[in-house]
Every structure is written in structure tokens, then in C-alpha cells.
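Please consult the sequence and structure shown here alongside the text.

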Amino acid sequence: MAEQDNLKEFTKGIIQYNPLFVLVLGLCPSLAVTTSVKNGLAMGGAATFVLVSSNFIISTVRSFIPREIRIPCFIVVIASFVTMVELLMKAYLPPELNASLGIFIPLIVVNCIILYRAESFAYKNKPFVSILDGAGAGVGWMLSLCLVSAIREVLGAGTIFGLKVSGSYQPAPVMIMAPGAFIVLGLLLGFFNWRKLRKSEKTMREYMKHD
Amino acid sequence: MIKEIAVIIVSVVFVNNFVLAKFLGLCPFLGVSQKTSSAMGMGVAVTFVMTLSSAITWIIYNYVLLPGDANIIALIFPSIRELGLIEVLKTISYILVIATLVQLVEMMLRKMAPALYEGLGIYLPLITTNCAVLGVALLNTTDSPRHLGFLQATVQGFGAGIGFTVAMLLMSGIRERLALVNIPQSLRGIPIAFICTGLMALAFFGFSGMVP
């Protein structure tokens with residue numbers, strides 16, 4: 001039973017409470033860095049690292065943090081891990097990848113997902129489940145970044161992971177620029193809404209039938 | 001001098017609009033743009049915080065973080081003169097400055113404009129986590145292609161705030177009309193707002209190339 005609960009803490013961040021498509025959080029980096037799948041993966045990985053570590057530290061020291069100043073405390077913890085991940089990425093990842101992520105790596109510090117998980121989960125729960133919760137939210141966000149960036153890369157550059165998709169396809173560069181990002185995310189959110197609506201209609205109809 | 005300032009303002013308001021071209025500050029942009037009055041209030045509050053935080057972070061960057069003779073900390077710890085603190089302390093020091101300023105604005109608004117304070121609600125403390133504010137501080141200092149002067153940095157912060165306000169006002173005008181239109185149910189709310197933003201960004205493309 002306990003194991004199942006732990007698994008649920010992890011998977012809820014991926015589907016039921018997906019940070020991007022269900023909670024609509026962390027929009028700025030989701031649009032800015034999703035020009036290629038590689039960028040999406042790097043950004044998601046960095047955010048997952050920060051989420052897991054900050055959730056762990058905050059839930060470990062949660063009894064020492066006074067309620068009134070909890071937000072500044074969270075921000076300082078998160079900012080330390082963001083500095084760490086920034087230095088690590090500068091040391092180990094190729095420079096052009098760092099250049100394309102640009103200011104969005106230090107901006108992880110103001111990513112709403114991380115503060116949201118700290119405030120609503122890590123501040124109230126034990127360290128181990130908080131790690132799972134952070135990992136789930138991070139992986140969920142990373143997967144949704146990959147989905148958005150895969151669509152934009154295929155349509156806008158005609159490649160995926162840098163490999164050409166088809167010889168005859170003429171790429172539409174507007175998709176990797178600002179307007180394409182907004183429109184792709186808008187349509188994706190609409191699609192997920194449509195699926196949710198259809199599902200609830202279906203259960204409604206079945207319920208009526210049984211009645 | 002005046003020409004340079006005008007170029008900076010036109011560049012950040014129209015050509016490199018923070019919301020529509022750089023994807024910064026989208027959460028309040030979508031969250032508070034339902035009504036024109038609250039959009040205006042949010043824009044003014046953000047502009048105020050951005051201008052002040054640009055000025056203060058410029059001072060911190062040049063006199064505390066950068067290596068060199070001007071560094072104040074080097075007076076006490078001489079090794080800082082060569083190394084600087086830029087890599088390790090920039091994120092933390094900037095976010096603390098911004099958080100303090102937002103607290104200040106919150107206290108001022110509660111005293112001076114209680115109606116606006118109520119209207120902004122949760123989004124007022126959330127200016128701290130508005131990535132446009134931290135973004136302009138970073139773009140003014142560490143991520144700037146060339147070294148900006150104090151006045152240029154402050155003007156860029158102010159212009160970015162104005163650009164944010166312009167985008168918010170345009171969006172709130174569109175959304176007030178959208179509320180009366182029959183939209184497919186699954187696109188209502190945020191999805192249609194995103195698609196409209198995309199079309200606005202396309203329109204703002206027309207300004208690109210205006211500033212060298």
C-alpha cells in the first residue's frame with residue numbers, strides 16, 4: 001500500500017497534474033527554449049535537478065522555517081541550487097547549448113513550478129515523498145517541453161534531434177520564432193482541454209445510461 | 001545622448017518587446033489581463049519595480065560582483081579583486097533585491113491605493129517571481145552584449161516595463177471582447193489567449209529591423 005502511494009506521488013506530476021498542460025505553470029521557459037528537442041531536454045533536466053534538491057532541503061528543514069518568512073527562505077534555497085546547476089552546465093555541456101538556453105537557466109529561480117511544489121508539498125511533507133514529488137513534477141515538465149519542442153522543431157526547422165525529417169519538406173521558420181511558440185502551445189492546451197471535455201462527457205453519458 | 005535613450009526605449013518597447021519577443025513575464029500577462037483597469041495597475045507596478053531594480057542591480061553588479069578595483073568587498077578580502085563574485089552570487093543577490101522592492105511596493109500600494117491593492121491580489125507578491133523583472137536585471141548586466149552605463153541600464157528597465165504595460169493593455173482589450181464571443185468550448189480561456197498572443201507577436205514582427 002505504502003509503495004503504491006509513493007509511486008502515486010511520482011506519477012501524479014506527469015499526467016494528472018502535469019505542470020505545463022494541466023496547471024499551466026512555467027510558461028516563459030516552456031516557450032523560449034523549445035526551439036529544439038535538445039534544448040527542451042537540457043532545460044527540463046536542469047529544472048528537475050533544482051526541483052528534487054530544493055524539495056529535499058526544504059522538507060528536511062521545514063520545521064525550522066517560520067511561516068511568515070517562508071517564501072524568502074524558499075527562494076534563497078532555490079537560488080543556491082540554480083547557481084549550482086548553472087555552473088555545472090557551463091562546465092560540462094557544449095557552449096552552444098548553453099548559449100541557446102541563455103538567461104533562462106538563471107531564470108529557473110523564478111520558475112513558478114519550483115516555488116509551487118515547495119510551498120504546497122515540500123513544506124508539509126517528509127523528505128522522501130518530497131523527492132518523489134519533485135522528480136515527478138520535473139519529469140512531467142520535461143516530457144511536455146519535449147512534446148512542444150518536437151512539434152516546433154519538425155515544423156520550423158524540418159529536423160528532429162538535428163536529423164533531417166524529410167528531403168522535400170520546406171520548413172516554416174515562423175514556428176521556431178515567437179509567434180509559432182504561442183500558437184503551438186495554445187493549440188496543444190486546446191487539444192488537452194478537448195480530450196478532458198470528451199472524457200467527462202463520456203462518463204456522464206454512461207452514468208445516464210446506468211440510471 | 002537623447003537619441004541613444006530614444007533608441008533604447010523604442011527597441012525594448014516595440015522591437016524586442018519582453019512579452020511578445022522574449023517570452024518574459026507570461027504568467028501575469030495571462031493572469032491579470034482580463035480587465036483593462038487591473039492590467040494597467042499591474043503594468044504600472046511592474047514598471048516601477050523594474051526601473052528601481054535595474055538601477056540597484058546595476059550598482060550591485062558594478063561595485064560588488066565584478067572583479068576589479070571598484071569592488072567594495074575587495075577592500076576587506078583582497079582575493080575578490082581578481083576573482084569577483086559574479087558567478088556565485090548574481091542570482092541570489094538579484095532575487096533578494098527584487099523581493100525586497102516588491103515588499104516595498106506592496107506596502108506603499110496598501111497605504112496609497114487600497115482599491116488597486118485589492119484588485120491585484122495574489123499577483124502583487126508574485127511580481128517577485130515575474131521572470132521579466134529578473135530577466136531585465138540579467139540582460140542589463142551579465143548577459144548584455146556590451147557594458148551598459150547606469151543611465152542606459154535604468155532606461156532599459158523603464159522601457160521594458162512600458163513594453164510590458166503596452167502588451168498587457170493590448171491583450172486586455174482583446175480579452176474583454178473575447179469574453180462576448182462564441183468560442184469552441186475547449187479553446188476558451190488560456191488557449192485562445194495564447195493564440196491571440198501569437199497573432200500579436202506576428203504583428204510586432206513588423207517592427208523588427210527598425211533598430212540596428
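## Chain B: overall fold

In chain B of this predicted model, residues 24 or more positions apart account for 75% of the contacts with a separation of 6 or more. The secondary structure of this chain consists of 9 helices and 0 strands, so that, from the N terminus on, its elements read α-α-α-α-α-α-α-α-α.

The C-alpha trace of chain B extends over about 65 × 45 × 35 Å along its principal axes. Of its 212 residues, 44% are classed as buried.

## Helix α9 of chain B

Helix α9 of chain B covers residues 190-204. Its 15 residues, at 1.5 Å a residue, should span 21 Å, and this agrees with the separation of 21 Å between its end C-alpha atoms.

The buried residues of α9(B) include B:Pro191, B:Ile192, B:Ala193, B:Phe194 and B:Ile195. Further along α9(B), B:Thr197, B:Gly198, B:Met200, B:Ala201 and B:Phe204 are also buried. The cover over these buried residues includes α1 (2-15), α2 (26-31) and α8 (150-178) of chain B, together with α8 of chain A.

## The loop residue B:Thr128

B:Thr128 lies in the loop between α6 (114-120) and α7 (131-140) of chain B. It counts as buried because 23 C-beta neighbours fall inside 10 Å, where the cut-off is 20 or more.

Leaving aside neighbours within four places in sequence, B:Thr128 is in contact with B:Ile98, B:Ala99 and B:Val102. The C-alpha atom of B:Thr128 is separated by 9.5 Å from that of B:Val97, and these two residues are 31 apart along the chain.

## Chain A: overall fold

Chain A has 8 helices and 2 strands. Its elements follow the order α-α-α-α-α-α-α-β-β-α from the N terminus on. Along the principal axes, the C-alpha trace of chain A spans about 65 × 60 × 30 Å.

Of the 211 residues of chain A, 44% count as buried. Among contacts in this chain with a separation of 6 or more, 77% are between residues 24 or more positions apart.

## Helix α6 of chain A

In α6(A), the buried residues are A:Ile113, A:Ile114, A:Leu115, A:Arg117, A:Ala118, A:Phe121 and A:Ala122. The elements that cover them include α3 (37-60), α4 and α7 (127-157) of chain A.

## Contact between the chains

Chain A and chain B each give 33 residues to the contact. On the side of chain A that touches chain B, the elements giving two or more residues are α2 (27-32), α4 (70-92), α6 (112-122) and α8 (178-210) of chain A. The largest share of that side, 12 residues, comes from α8(A).

By class, the side of chain A that touches chain B comprises 27 nonpolar and 6 polar residues, with no charged residues.

## The nonpolar core

The largest nonpolar core contains 112 residues, and those with the most contacts inside it are A:Val50, A:Ile78, B:Val133 and B:Leu134. Helix α3 (residues 36-65) of chain B gives the most to this core, with 10 residues.

Which residues are in contact with A:Val50, leaving aside its neighbours within four places in sequence? They are A:Ile78, A:Phe81, A:Val82, A:Val85, A:Ile108 and A:Ile114. Of these, A:Ile78 is also named among the core residues with the most contacts, and A:Ile114 is one of the buried residues of α6(A).

Notes: Residues are numbered from 1 along each chain as its sequence is written. Chains are lettered from A and ligands numbered from 1 in the order in which they are written. This is a predicted model: local features need pLDDT of at least 70, side-chain atom pairs count only at pLDDT 80 or more; totals for chains, interfaces and linings use all residues. A nonpolar core is a set of buried Ala, Val, Leu, Ile, Met, Phe, Trp, Tyr and Cys residues joined through C-beta atoms within 7 Å. A residue is buried if 20 or more other C-beta atoms lie within 10 Å of its own, exposed if 12 or fewer, and partly exposed in between; C-beta atoms are placed from the backbone. Helices (H or I, at least four residues) and strands (E, at least two) are DSSP runs, numbered from the N terminus. Two residues are in contact if their C-beta atoms, placed from the backbone, lie within 7 Å. Ala, Val, Leu, Ile, Met, Phe, Trp, Tyr, Cys and Pro count as nonpolar, Asp, Glu, Lys and Arg as charged, and the others, Gly among them, as polar. The expected span of a helix is 1.5 Å times one less than its number of residues.
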